Amino acid sequence: MRIGYTVRASAVMMRHPREGAERLRGRWDRHWDRRALLAAGLPAHVLYETTEDWAERLHRALGVPWPCQAAALFGHLWDTIVAELTARGARVGIASYARWNDGDRAFGEAIWCLVAHLRPETVVETGVAHGLTSRVILEGLGRNDSGHLWSVDLPAVDSALHSEIGMAIPESTRSRWSYVQGTARERLPGLLGELGKIDLFIHDSLHTGRNQGFELESAWAALRPEGVAVVDDIDHSLAFRTFVDEARPRAWLAARHITGPGMPDSDGLWGMAVKDTQAPGPVSPAPGPRGRAVLACQPWAARAASMKAIEAHPHYTLLRTFVNRSTVRERRHEQIELSVVREIAFVIRGLALADGRLLQIQAWQGPEVLVFRDQIARPARPVLYDRADRYPPDVRAAADLEEVDLESARWPAPDDHFDLVVWNRDLVTVKNVISALREARRMIRPGGFLILALPNLAAAHNRLLLLAGRQPSTLHINNGDHLRGFAAPTMTRILRRDLKFDVRQVIGVGIAPVTSTALPRPLRAVSHSVIWVLQKPGNHIQPATSRGVSVERLPHGAAEQQRAVSDDRT
């Protein structure tokens, strides 16, 4: 039996090498997902704040009455589907399709109600197997007498299972069904491009964080306002938690499976997110995903135009002249620092603040505070916490400089005073880090932002130095003042859990000595520097005209849903 499976699976992999590579990548991704879940230190049902009254909450999120007539009809439909499959000799439930489970009953009921109340014209799902969920959707569309389902599905590697694909779907419903064979990464973007807008998206394919994140980002961009994304097996990774933290849907929930265990908890979880009516578009990973955050994705051309405008700023041009250190190594590191300044300016530009009191703590060279100031529509005179004699005359003339003991218990500004605080790099020189960050948070008005940039202790070059038995460059012994080192995953958890910031974006910049640009998300953990875009919960700062990136506020009370979760890989 095992030999037969190996032969069949090998034949499928050889015929479709690209898909085979994606299957192998999935195994590797699952390893990292398990590590990330363990590093989070909390069970998945706690991370996702599962609810028992999911049906009532789902209907409340849609603005429809509960109990509803559609839900009362679901039990009979589900029992009918299971009975039909059993009569045909199929096993239904746990590990019934090779080692994969059939659709969960609670998951199916949620989708049934969504189809009934949204009355979607265009539904896209990923993953089919026996087709229980597909059958539920198609029966609902038939009951509405409108709508069509597109199912993107990579058949099981064992060709003996191919005859079972969609066996729950009767001929009478197939006129509303289109089956799209292939991986979601290969087929989903093209399908969404053809369809334009979709009303409902269901993920039930490969449940790795990488794949879930990709599918959600792709589908969310195409989902109409008030459309819904439903995701099965969210307990397999942190992807859905990251998604809701960053995409900030109007409403979301997580609930337990009824019909079977998932992984790694004793029972699986599924989730749902409702897109806001003013949602700006796709979630982006950091400029560069992950510009990812809850910042809306800017088209490449718009990002390039913004960067060009920043680079043309006279004080940014002045900063370029400082990158002239004597050694190649120093020049490369300074070039990365310059790129960090540019990324911070780009983020501020994207926040589109109408009015803004700006504080910068310990500027790198000084002129960057004026670059940051000029990304705000109507800025107040910026404040700079540092010694005045460090900076050129034009900076001293344009900013208020205050020499502040950053180790002191209280800094001079009143509570809720600044709209934006920038702290670039020099937190590494502070002994009482948490106390200093709490002071920075105190001075930010509700809804205001802290942009924090730090050298990364876990950067690729530091890892290599440690392997060679040498001191990482982030920590100084006798030639410098770097007292602290920070790695991105741990720092992110502290900023969320201990300091109660909403983490809107995490950006990795540069790999020394290879590149100084912003990095894609998978490389963020080994980047030279990390930038956090943090928001203090509270009333939203009204933006000026948008310059391409906007930040949407969480619904009331949703800020409390933030947890100490990070999917960074170390």
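## Ground rules

Since this is a predicted model, local features need pLDDT of at least 70 and side-chain atom pairs count only at pLDDT 80 or more, while totals for chains, interfaces and linings use all residues. Residues are numbered from 1 along each chain as its sequence is written, and side-chain values use heavy atoms, with hydrogens and water left out.

Helices (H or I, at least four residues) and strands (E, at least two) are DSSP runs, numbered from the N terminus.

Side chains of opposite charge can pair when their charged atoms come close. Here a salt bridge is a side-chain nitrogen of Lys or Arg within 4 Å of a carboxyl oxygen of Asp or Glu. Go by that rule and you get 22 salt bridges.

Take arginine 105 and aspartate 79, whose closest N and O atoms sit 3.2 Å apart in a salt bridge. Arginine 105 belongs to helix α6 (residues 105-118) and aspartate 79 to helix α5 (residues 69-87), so to speak linking distant parts of the chain, 26 residues apart. For exposure, buried means under 20% relative accessible area, exposed over 50%, and partly exposed in between (1.4 Å probe, protein chains only). Arginine 105 is partly exposed at 26%, and aspartate 79 is partly exposed at 43%.

Glutamate 84 is partly exposed, at 36% relative accessibility, whereas arginine 135 is buried at 5%.

## Salt bridges elsewhere

Further along, glutamate 311 and arginine 342 meet through their side chains in a salt bridge of 2.5 Å, N to O. Glutamate 311 sits in helix α11 (residues 300-311) and arginine 342 in helix α13 (residues 328-351), so the pair ties together parts 31 residues apart in sequence. Glutamate 311 is partly exposed, with 24% relative accessible area; arginine 342 is buried, with 16%.

There's also a network: Glu49, Arg241, Asp245 and Arg496 are joined by salt bridges that share partners.

Two packed helices are described by the angle between their axes and the distance between the axes. Axes are lines fitted to C-alpha atoms, for helices over the stretch in contact, and angles run from 0 to 180 degrees between N-to-C directions. Angles under 35 degrees count as roughly parallel, over 145 as roughly antiparallel, 65 to 115 as roughly perpendicular and the rest as oblique. A crossing is left-handed if the near helix is turned anticlockwise from the far one by less than a right angle, and right-handed if clockwise.

α5 and α6 pack at about 130°, axes 10 Å apart, and are therefore oblique to each other. The crossing of α5 past α6 is right-handed. Contact means heavy atoms within 4.5 Å; on the α5 side the residues include Leu73, Phe74, Trp78 and Asp79, and on the α6 side they include Arg105, Trp112 and Cys113. For residue classes, Ala, Val, Leu, Ile, Met, Phe, Trp, Tyr, Cys and Pro count as nonpolar, Asp, Glu, Lys and Arg as charged, and the others, Gly among them, as polar. The contact of α5 with α6 has 9 nonpolar, 2 polar and 3 charged residues.

With α7, α5 packs at an angle of about 130° and an axis separation of 11 Å. That makes α5 oblique to α7, and the crossing is right-handed. Among the residues that meet are Ile81, Glu84 and Leu85 in α5, with Leu132, Arg135 and Val136 in α7. By class, the contact of α5 with α7 has 9 nonpolar, no polar and 4 charged residues.

## Loops worth a look

Threonine 474 is in the loop between α17 (460-467) and α18 (488-498), and is buried at 4% relative accessible area. Leaving aside neighbours within four places in sequence, the contacts of threonine 474 include Pro455, Asn462, His482 and Arg484. The bond from tryptophan 66 to proline 67 is cis, with omega near 0°, and proline 67 lies in the loop between α4 (54-62) and α5. Aspartate 233 has a positive phi, near 55°, in the loop between β5 (223-232) and α10 (239-247), and is buried at 10% relative accessibility. Arginine 425 also has a positive phi, near 85°, and lies in the loop between β15 (418-424) and α16 (433-443).
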